[in-house]
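Have a look at the fold first, then read on.

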Amino acid sequence: MNEELQGLLDLLDLERIEQDYFRGQSQSALVPRVFGGQVAAQALVAAGRTVPEGRGAHSLHAYFLRTGDPGAPIVYEVDRIRDGRSFTTRRVVAVQHGKPIFHLSASFQSYEEGLEHQAEMPPAPEPESLPTAAEMLPRYADNFIDPSVVDRMIKARGAVDLRYVDAPPYGTVGEPRAPRSQVWFRANGKLDDDPLLHVCLATYVSDMTLLDSVLLAHGRGGWTVGDVVGASLDHAMWFHRPFRSDEWLLYDQESPSASGGRGLGQARIYTQDGRLAISVIQEGVVRVPR
């Protein structure tokens, strides 16, 4: 396991300070705020640690309320909304400097047999045939406001092997194309078998690229290019089937709409053998600088 992945796992291993209160730290981010995927994953960890054994996360719904301060700890307060015979519901508030920065509701369920169908996995090249971040990012250094961001982006992606099927938004600046994007991802090392860990790591990654398809529709490159500013507003995920985040997952993303300074991304995440594991929807602020 590399240093970056161990650092991410340490980040998700929250300190329990009271029965339903947890404290998390932040890692250095590419922007001067807490990465949204981090706070969502940590909040889900906090919720999961108060759930009866044998109940796995099946959905989460979250709102990003304020910019997080990466230099200060985050306190997660868990509210035990309900423990039913099959389902458990938790609400989590993330607090910094005495103010809520993030709200999450999550639901957990005991395993059940039931009806089965799913959307078919779309075609995609094999992940090993695609360039790694270290191989791809230097190609686009001239497109960035600050070319030195390449090294920081490579380091930030060190915990997760994330590979674009087609050029990312910052690779085709000024060239609008279909609002669709695909990436393969997996943890950059072997994880233990705790299902909550795999769900939380996928939650962390889910915030990395989901709004790419919004940018692609307008030929925008993103914050590294300086032609948009933005932030996550809300985020929802449904976990359909078991998966491992240390095995390849295909993140198939599209944007059905952008308006009012906001962009919507929706996606499905498939295992390499074609099982639909997760559905994701996110809306974010996407503004053109004046």
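In this predicted model, helices α2 and α5 cross in a right-handed way. Their axes sit 7 Å apart, at an angle of about 160°. Since angles over 145 degrees count as roughly antiparallel, that makes α2 roughly antiparallel to α5. Here's who does the touching:

| Helix | Residue range | Residues in the contact |
|---|---|---|
| α2 | residues 36-48 | G36, G37, Q38, A40, A41, L44, V45 and G48 |
| α5 | residues 195-209 | L196, V199, C200, T203, Y204 and D207 |

Sorted by class, that contact of α2 with α5 has 8 nonpolar, 5 polar and 1 charged residues.

Now for the nonpolar cores. The largest one has 70 residues, and V39, Y76, F102, F144, Y170 and I278 have the most contacts inside it. Helix α5 turns up again here: it supplies the largest share of this core, 9 residues. As for F102, its contacts beyond four places in sequence include V39, A40 and A43, along with A62, Y63, F64 and L65. V92, V93 and A94 also touch F102.

Last stop: A124, in the loop between β6 (99-110) and α3 (133-136). Is A124 buried or partly exposed? With a relative accessible area of 27%, A124 is partly exposed. Skipping neighbours within four places in sequence, A124 contacts Q182, W184 and L250. The C-alpha atoms of A124 and Q272 are 10.0 Å apart, though 148 residues separate the pair along the chain.

Terms used
Residues are numbered from 1 along each chain as its sequence is written. This is a predicted model: local features need pLDDT of at least 70, side-chain atom pairs count only at pLDDT 80 or more; totals for chains, interfaces and linings use all residues. Side-chain values use heavy atoms; hydrogens and water are left out. Axes are lines fitted to C-alpha atoms, for helices over the stretch in contact, and angles run from 0 to 180 degrees between N-to-C directions. Helices (H or I, at least four residues) and strands (E, at least two) are DSSP runs, numbered from the N terminus. Angles under 35 degrees count as roughly parallel, over 145 as roughly antiparallel, 65 to 115 as roughly perpendicular and the rest as oblique. A crossing is left-handed if the near helix is turned anticlockwise from the far one by less than a right angle, and right-handed if clockwise. Contact means heavy atoms within 4.5 Å. Ala, Val, Leu, Ile, Met, Phe, Trp, Tyr, Cys and Pro count as nonpolar, Asp, Glu, Lys and Arg as charged, and the others, Gly among them, as polar. Buried means under 20% relative accessible area, exposed over 50%, partly exposed in between (1.4 Å probe, protein chains only). A nonpolar core is a set of buried Ala, Val, Leu, Ile, Met, Phe, Trp, Tyr and Cys residues joined through side-chain atoms within 4.5 Å.
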